[in-house]
Amino acid sequence: MPKLTIAIDGPAGSGKSSVARRVAALLEYSYLDSGAMYRALALKALERKVPLSDEGRLEALAKETQIELKPPIPELEVTGAKNRVFLDGREVTREIRVVEVGKAASRLAAIAAVRRVLVAEQQRCGSGGGIVMEGRDIGTVVFPAAELKIFLDASPEVRAERRWQEHQEKDERMTLAEVFDEVIERDKRDRERKVSPLVRAKDAVLVDNTAMDVEETARLIVLLAQEREKELTAATAKKG
Ligand code: CDP
Ligand code: CDP
């Protein structure tokens with residue numbers, strides 16, 4: 001069977017990471033959380049007190065930074081960790097998950113020169129196929145020729161509630177209303193930015209999982225992937 005490139009994009013809390021991770025496990029593909037790269041770079045900028053408005057310094061920072069993503073380890077998965085993330089060799093898997101870093105990541109992600117550096121790295125990581133990559137621009141910019149593109153969505157209320165639930169587990173004290181505002185603000189910035197905004201690719205399948213759990217959503221995507229695999233195999237056989 002051919003190995004596909006599967007792109008999953010969508011707003012915060014739509015379930016991209018959990019679903020992508022599960023799809024990758026079911027298909028025995030690798031998994032890459034592109035947002036972790038933006039978060040890792042944002043953490044470094046915050047630590048070094050580089051202003052998030054200083055595009056030149058942030059571009060230089062992106063170029064001199066080494067970000068490595070490794071498969072999640074089971075113990076960390078329970079805490080909601082996704083890929084294991086290494087920033088210049090230091091593990092920052094947990095540090096990058098706090099609200100402040102997410103907010104900074106979305107500001108830094110609006111800078112074209114920063115995106116160029118990270119997108120090139122994502123393309124390099126996924127060049128062999130057999131990968132599920134999730135983010136905001138995977139189907140539109142990173143892999144516009146991906147064989148399967150999913151635009152994952154859910155109602156804002158449900159997305160905020162999922163996020164809030166995660167905060168409760170991590171003991172972060174935010175009210176549901178605060179989390180809702182944060183999610184809405186980040187979505188707005190991601191959707192309205194000039195460079196690579198969050199938008200559904202024309203050929204992406206819209207999957208609304210407001211009323212579906214992670215397993216159901218992942219299995220639906222696996223079915224779509226198997227259909228694509230069959231189509232590609234048939235097309236290759238016809239050619240050959
Ligand atoms: O990556 P993204 O922000 O899109 O979402 P996520 O981190 O995968 O999911 C946020 C939370 O919602 C996680 O705790 C998931 O387990 C949960 N979730 C859910 O309950 N039902 C779904 N259909 C999808 C995600
Ligand atoms: O998991 P969550 O939905 O909170 O976001 P994330 O995937 O961890 O990404 C954090 C931020 O990075 C997002 O709000 C986006 O602004 C940015 N991002 C992006 O611009 N492009 C991507 N491919 C992935 C993330």
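Tutor: Let us start with the cavity: β7 gives the most to the lining of the largest cavity, with three residues. Please keep in mind that this model is predicted.

Student: What makes the space a cavity?
Tutor: A 1.4 Å probe fits at its points but cannot get out, and therefore the term cavity applies. The structure holds one such space of 30 Å³ or more, and about 40 Å³ lies in the largest cavity.

Student: Which residues line the largest cavity?
Tutor: Asp-9, Gly-139, Thr-140, Lys-149, Ile-150, Phe-151, Val-199, Arg-200, Ala-201 and Ala-204 do. A lining residue needs an atom within 4 Å of a cavity point. Both α7 and β7 supply at least two residues of this lining.

Student: What makes a set of residues a nonpolar core?
Tutor: The largest core has 36 residues, and Leu-41, Leu-58, Ile-67, Val-85, Ile-96 and Leu-108 touch the most other members. Among the elements that each supply at least two residues of this core are α3 (55-64), β3 (67-70) and β6 (131-135). The largest share, eight residues, comes from α2.

Student: Which residues does Leu-58 touch?
Tutor: Leaving aside residues up to four places away in sequence, Leu-58 touches Ala-45, Val-50, Pro-51, Leu-52, Leu-108, Ile-111 and Val-114. Contact here requires heavy atoms within 4.5 Å.

Student: How do you know that the span of α1 is close to the expected one?
Tutor: Helix α1 covers residues 16-27 and has 12 residues. At 1.5 Å a residue, 16 Å is expected, and the helix reaches 16 Å from its first C-alpha to its last, which is close to that value. Just after α1, Glu-28 takes a positive phi of about 60°.

Student: What is the corresponding result for α8?
Tutor: Helix α8 (residues 156-170) has 15 residues and reaches 21 Å, close to the 21 Å expected.

Student: Which residues of α8 are called buried, and why are they placed on the same side?
Tutor: Arg-159, Ala-160, Arg-163 and His-167 are buried, the cut-off being under 20% relative accessible area. They cover an arc of only 95° around the axis, so they lie on the same side of α8. What covers the buried residues of α8 includes α2, α5, β7 (148-153) and α9 (176-192).

Technical notes: Residues are numbered from 1 along each chain as its sequence is written. Chains are lettered from A and ligands numbered from 1 in the order in which they are written. This is a predicted model: local features need pLDDT of at least 70, side-chain atom pairs count only at pLDDT 80 or more; totals for chains, interfaces and linings use all residues. Side-chain values use heavy atoms; hydrogens and water are left out. A nonpolar core is a set of buried Ala, Val, Leu, Ile, Met, Phe, Trp, Tyr and Cys residues joined through side-chain atoms within 4.5 Å. Buried means under 20% relative accessible area, exposed over 50%, partly exposed in between (1.4 Å probe, protein chains only). Helices (H or I, at least four residues) and strands (E, at least two) are DSSP runs, numbered from the N terminus. The expected span of a helix is 1.5 Å times one less than its number of residues. The arc is that of the directions from the helix axis to the C-beta atoms. On a 1 Å grid over the protein atoms alone, a cavity is a set of points where a 1.4 Å probe fits but cannot get out, and a pocket is an open set with protein on both sides within 12 Å along at least five of seven lines; lining residues have an atom within 4 Å of a point. Grid points are joined across faces, edges and corners, and a volume is the space filled by probe spheres set on the points.
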